[in-house]
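Let's take a look at this one together.

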Amino acid sequence: MFKNYLKIAWRNLSKNKGYTIINLGGLAIGMAVTLIIGLWIMDELSHNSYFSNKNRIAQVFQSQTFNGETGTGPAIPRPLEMAFRESYMDNFKHMVMASWTTSQYLKYKETSISREGNFTQREAPEMLDLNILKGEMDGIREINSIMLSKSTAEALFGNEDPIGKTVEVNSQYDMMVTAVFEDIPFNTSFNDTHFLMPWDKYVSINEWIKNAEDQWGNNSFQMFVQISDNTTFESVTAKILNVKQELNENSKEFNAQLFLLPMEDWHLRSRFENGKQVGGRIKYVWLFGIIGAFVLLLACINFMNLSTARSEKRAKEVGIRKSIGSQRSQLINQFLGESFVVVLLAFLIAVVIVVLSLNGFNELARKDIDFPWSSMGFWAASLAFILFTALLAGSYPALYLSSFRPVEVLKGTFKAGRHSGLPRKILVVLQFTVSVAFIIGTVIVMQQINYAKNRPIGYDKEGLVQIPTMSQDFQGKFELMRDEFIASGAVVEMSTSSAPTTSIWSNRSGFVWEGKPEGFQEDLAWTEVSPEYAKSLNLKIVQGRDFSREFPSDSNAVLLNETAVKYMGLENPIGKFIKDDDEEDPSPPLKIIGVVQDMIAQSPYEPVKQGMYVFDKYGNSSYYNLRLNPAQSASQNLAVIERVFKEHFPDIPFQYDFVDQEYGEKFAAEERIGRLSGIFTALAILISCLGLFGLTSFVAEQRTKEIGVRKVLGASVFNVWNMLSKDFLKLVIISCFIAVPIAYYVMNGWLQEYPYRVILKWWIFALAMLGAMAVTILTVSFQAIRAAKSNPARSLRTE
Amino acid sequence: MLLELNNIFKWVTTGGQRIFLLKDINLQVEQGEFISVMGPSGSGKSTLLNVIGMLDTFDEGEYNFMDESVYSLKEKHRANLYKQYIGFVFQSYHLLDDLTVQENLEMPLIYKKVKGSERKAMVADMLDRFNIVGKKDLFPAQLSGGQQQLVGVARALIANPKLILADEPTGNLNSKQGEEIMELFKQLNEEGVTIIQVTHSEKNAEYGSRIINLLDGRMV
């Protein structure tokens, strides 16, 4: 029986080629989109599943409240470690202090590379269950040992066996390679970790970290834990919640609270608003999930519409089959079987499409997804997906077609009733509602990105290059390098800063100043800079003056940004002092000498943070900021800069970033979303139009006789075109009016996340509606005009 | 007795008025009969045939097929009964266009859930008996009208029905082809198959052992 169904299905498909192409093509595109989105979601959900202890690992997070605003983050103070080790270890199987992922220069013989990695305590490799390829799991118990990822070991040692060899780090100290671990995959939170070095080393080489041992206020470190087998994250959180406040009086002021954020939540649910976990990337998982479901629905609607539109052709078959003994259920099975065949074919095409487009998609979505050829789970899910789609697309046609009464259809008196087209119309409206909503959504995302991109950023990011200078080699070399670079003609001005211009790395509090409100808990961005900072960035001084090397007292001077002046309530800031409120060992007071324009260092969607730029008297430079010579091309300048750089730092790889590109990275997430949703929208529209095209051709065919009669009676091509197009245009207009409020509601909600956001204008909606109508008219017209131009004599003879 | 209709009424309601398609039909058919139903267009011949063939329902009355009351049967039972005992032959053949002759013949057997090997044998028998072995792989559109109707009759016969219902089986055929089909019916009847045919032609009606005349839904 099943073989018979397949045979009929196959003959039906090959007989009606146009119909088959539309149906298969639409379904294949829809399924490909759904498949790709499915793979993407699978990848998102399996983030960190590389780590076998995923369900037991957490990071210690901290919430603190400043002026009624609660901020939450993973940074914790050092003394917490001792507190935990003394009284809380029964909750933890492993506990590991860790540095942030940092970039270090690694050198072996003549090979020098820069790699990112972490300083961690001894148990980290075991907790993460790293796949050790050579050497030992317990590789960082000695203070001068280093564990390398496979790719890093290969880059440094080539074919040599790295174990026991010595790597020079930052031209500063030597470390012995004790282990090589498999590179941690891309879809994990440690994908940048290419080396592990002992935490104790980190402490011993950094004075400030040593000092932080008893500083409860210095939240600059990370702590990862694996909880004991007999406990839960919630119960551990309950125990550690107030540890900091209990041990440190000052923390009460900020209501410091500690909790565990499970590894499962790191990637998808790491957004906090006022101390509450409010999701995060999971939002995009949902968003794309919904898009995928809708695109599939659109394709299924095509299938339903085209199948039922062809009902008159198949009515006779149903009648005959019933008259030779078929039960309705058998017919239903037959039609479902046909839809199964179509869906199966579409799926095969979809797989081809996915395989061909996966590389492009990976690039666009910044993913590293492989097609899961060998995953049984995937194929099982695919089978379920095919069955589901076949049911979704095939059930309505199957029920509808199998309901025909044989007496009527065989007598030839069968006529689809006046309202038989209604479900079809509703489905078309649904399709275009989705498409129009997609159009509006995409346009608004693009607009928001452009709006934020065009926001004045306060400094000149074009022609600005930054070079990382975190290695010891750079200590005390700034003046020399500045002279050399400027003398080379490639650079017109250069400065240092303790953080890149596109980010804030440090925030400070604990200041007093004249007129500071009682109980005000300030939080100021803190960047240490050389005196040329504003000049090199073309950052405008709006009040007072810039730093100057001519005034020795400027070593205790500070520039505020405009927001800081407002934030601190200073009316005449110039000449005022900002003092340290540490009574025992105060730093010297800082004199405000000028106010600079606000510059965007963090998110371009948010207001500029109040900040201070402090004269860097301790050489805390993390970056050189180089203003390239505008008279020459960037590549010329860079060639010269590299030559000069190599003369002075032959052992350090020459690394640089264009600040405008770094700044552009801030839009990457939104741009990805924008581009992806743009593509999905285009495909959704394509699918809807394919369906509409198919429907029009059937309607034109159905009405061949009517069109013939009308033409004999004197109807022009335009009249006929108008008659055929009007029906569909009406449906699309209805869709627009449904889609607009929905899109407005959803997109307005999306925009609320961005304090700096575009205002929704009515013309966006009007434009989307016009666009949808234009596409409809184009699609319908092709068939309508063909029908209208047909020779009435011929079409009437076909009766 | 094969089947029995008692006081069968069938009507449609238009504009609040009942129009009777069948009015008080009483009919008993014995096994082995060959009945011709005659009457002008619109007199209810086809409707009667469809009711007997269970393709159509009735509004009032009693219909017993092999001592089972058709009206009270569930669809599945009715379909079983019908698959087992009834074969249909149509004026316009109503073969499945997408299937070959052989596959058309196979179809009722498939619905009867006959096993594959048995099916093949029965189809081969039937092709043989009707002398259409050479045509088995052709599609209906490749056959003449007479040949198509031959296939139609073969298809009706293949499941060994007790009753064949033929709705103007020769209506679309030329006289020679028509004669052949009627001869075939006669032969089948002699072999014991009960036949009820609807026809306009006096000559074809003569093949029957009994003639029923209908007028405006009533037997006269």
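What covers the buried residues of H25(A)? The cover includes helices H16 (422-453), H22 (668-702), H23 (704-712) and H24 (717-751) of chain A.

## Ground rules

This is a predicted model, where local features need pLDDT of at least 70 and side-chain atom pairs count only at pLDDT 80 or more, while totals for chains, interfaces and linings use all residues. Residues are numbered from 1 along each chain as its sequence is written, and chains are lettered from A and ligands numbered from 1 in the order in which they are written.

## Chain A overall

Chain A has 799 residues, 40% of them buried (20 or more other C-beta atoms within 10 Å of a residue's own, with C-beta atoms placed from the backbone). Its secondary structure comes to 26 helices and 26 strands, taken as DSSP runs numbered from the N terminus (H or I, at least four residues, for helices; E, at least two, for strands). The C-alpha trace spans about 105 × 60 × 55 Å along its principal axes.

Take contacts (C-beta atoms, placed from the backbone, within 7 Å) between residues at least 6 apart in sequence: 82% of those in chain A join residues at least 24 apart.

## Helix H25

H25(A) covers residues 762-789, and its 28 residues reach 39 Å from first C-alpha to last, close to the expected 40 Å (1.5 Å times one less than the number of residues). There's a kink of about 35° centred on Ser781(A), the bend being the angle between axes fitted to the seven residues ending there and the seven starting there. Among the helix's buried residues are Phe765(A), Ala768(A), Val780(A) and Gln783(A).

## The cores

A nonpolar core here is a set of buried Ala, Val, Leu, Ile, Met, Phe, Trp, Tyr and Cys residues joined through C-beta atoms within 7 Å. The largest has 157 residues, and Ile440(A) and Met31(A) are among those with the most contacts inside it. Helix H11 (282-309) of chain A gives the most, 14 residues. Another core lies apart from it, with 101 residues including Phe92(A) and Ile592(A).

Back to Ile440(A): leaving out residues up to four places away in sequence, it touches Ala739(A), Ala743(A), Met747(A), Ile764(A), Phe765(A) and Ala768(A).

## Where chain A meets chain B

The contact takes 16 residues from chain A and 18 residues from chain B. On the chain A side, helices H1 (2-15), H12 (311-323) and H15 (406-411) each give two or more residues, with the largest share, four residues, coming from H1(A).

Methods. Contact = placed C-beta atoms within 7 Å. Buried ≥ 20, exposed ≤ 12 C-beta atoms within 10 Å, placed from the backbone.
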